Amino acid sequence: MSRLELSGIAKRYGAMAALAGVDLTVPSGTLTAVLGPSGCGKTTLLRCVAGFERLDAGEIAIDGRIVAGPGTHTSPERRHVVTVPQEGALFPHLSVGDNVGYGLNREERRSDRVEEVLTLVGLSGQGERMPHHLSGGQQQRVAVARALAPRPSLILLDEPFSALDAGLRADLRRDVRAALRADGATAILVTHDQGEALSSADQVAVMRDGLVIQSGPAVDVYREPVDPWVAAFVGDAVFLPAGTDIGPGTGGTVLSTALGHIPVGGVPAGTGSLTAMVRPEQIRLTTASTGPAVTATVTGYDFHGHDAIVTLRLADGTQIIARVPGHAAPVAAGSAVGVLVEGVCQAWRRSV
Ligand code: ADP
Ligand code: MG
């Protein structure tokens, strides 16, 4: 169990700044999901932590010990950091048990550590099998068991589920997370899948253009994204220009928008124009005549089973979407409905 601290780490490839000054702390025994679009520097970040790249600037500390920084570069073997690649890269000629025990000394191999980590990933008693007899998902489980076995300071997982079917991924994600937690591992999971990041980690770090632009618990990143880009990257979002005539609400601030008066957690100081962000599932449809609801016209209804997306046109012509439960009665295009916003929304001010 080890704490990881990155301070201002930078890495260039020629003119390309793959990392432009990343700050991030991963507390001991926790899982951080690093989420960002392709090319934003996720793999480079892991390679710097593992020691395969030298930093141009900044510092990396594991458990308070500086492993990379000005004048310091601890070799990968001496960092006790293990990487699980996209496809497990098991040794094909070794059994599952021998793959898992590969990084252990003879004494550890004879102990029950191999069976212990196989049990954690749901493969108890499967040590004799050969990798080519396993499914892709089982192979990734073995790769995770192999990473856990030597109790490394840190486990780095680089899009470990991306080659698997969507159906398998959810189960594997849950099981791997449980295994990491049961073993008290400190880990970073890189993904470009928003759902995977939000559902699997203690902390989500969102990257863009070589920087971590927001990190925190998934709930905070989803509800209080630092800017519209993050808001749209981690989920569906409705953006609305907001009036600056801020009235005191019940326990917070209220903005006036085309969706009516909506509560926000707070409004940044300044004079630039305001944008409010509402998640589609915060928009509830009512009968058009209900009290404080704003009237809208239904322009479309897309059924997805567990929920449905309703597209709506507000009185001022703004198009928005609402996410409604799949069991709610469908609404017909052209009909008039009332819309109400539930919960607290987010707002930003354009800097001027
Ligand atoms: P991600 O994993 O988020 O997709 P990477 O860390 O692989 O992103 O890459 C970040 C940027 O650095 C990209 O623009 C990529 O093309 C560039 N890059 C990565 N590795 C190298 C390399 N070895 N040489 C040159 N450019 C690289
Ligand atoms: Mg990558």
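Student: Which residue in S19 is the bridge partner of Thr-311?

Tutor: In this predicted model, Thr-311 has Ile-321 of strand S19 as its bridge partner. Another such pair is Leu-312 with Ile-320, the latter also in S19.

Student: What makes S18 and S19 a pair of strands?

Tutor: Two strands count as paired if there are at least two bridges between them.

Student: Why are S16 and S19 called edge strands of their sheet?

Tutor: The sheet is open and has 5 strands, in the order S16-S20-S17-S18-S19, with antiparallel pairing. Strand S16 (283-286) and strand S19 (319-325) each have a single partner strand, so one side of each lacks a neighbour in the sheet. On average, neighbouring strands here are turned by 45° against each other, direction ignored.

Student: How many bridges join S10 to S11?

Tutor: There are 5 bridges between S10 and strand S11 (residues 211-216), which run antiparallel. Met-207 has Val-212 of S11 as its bridge partner. The hairpin of these strands has 2 residues between them, and Asp-209 takes a positive phi near 45°.

Student: Why is the contact of Asp-202 with Arg-181 called a salt bridge?

Tutor: The rule asks for a side-chain nitrogen of Lys or Arg within 4 Å of a carboxyl oxygen of Asp or Glu. Asp-202 lies in the loop between helix H7 (194-200) and strand S10 (203-208), whereas Arg-181 belongs to helix H6 (residues 166-182), so the pair ties together parts that are 21 residues apart in sequence. By this rule the count comes to 17 salt bridges.

Student: How do you know that Lys-42 makes a polar contact with ligand 1?

Tutor: The cut-off for a pair of N or O atoms is 3.5 Å. An N or O atom in the side chain of Lys-42 is 2.9 Å from an oxygen atom of ligand 1, so the pair qualifies. A polar side-chain atom of Thr-43 also lies 2.9 Å from an oxygen atom of ligand 1, and a polar backbone atom of Gly-41 is 3.1 Å from a ligand oxygen. The protein covers 59% of the 560 Å² of accessible area that ligand 1 has on its own.

Student: Which element supplies the largest share of the shell around ligand 1?

Tutor: Helix H1 does, with 3 residues. Strand S2 (16-26) and helix H1 (42-50) each contribute at least two residues. Among the surrounding residues are Tyr-13, Met-16, Pro-37 and Thr-44. By class, the shell has 5 nonpolar, 5 polar and 1 charged residues.

Note on methods:
Residues are numbered from 1 along each chain as its sequence is written. Chains are lettered from A and ligands numbered from 1 in the order in which they are written. This is a predicted model: local features need pLDDT of at least 70, side-chain atom pairs count only at pLDDT 80 or more; totals for chains, interfaces and linings use all residues. Side-chain values use heavy atoms; hydrogens and water are left out. A residue is near a molecule or strand if one of its heavy atoms lies within 4 Å of it. A polar contact is a pair of N or O atoms within 3.5 Å; within protein, one must be able to donate a hydrogen and the other to accept it, and residues adjacent in sequence count only if both atoms are side-chain atoms. Accessible areas come from the Shrake-Rupley method with a 1.4 Å probe; for residues, only the protein chains shown count as cover. Helices (H or I, at least four residues) and strands (E, at least two) are DSSP runs, numbered from the N terminus. Ala, Val, Leu, Ile, Met, Phe, Trp, Tyr, Cys and Pro count as nonpolar, Asp, Glu, Lys and Arg as charged, and the others, Gly among them, as polar. Axes are lines fitted to C-alpha atoms, for helices over the stretch in contact, and angles run from 0 to 180 degrees between N-to-C directions.
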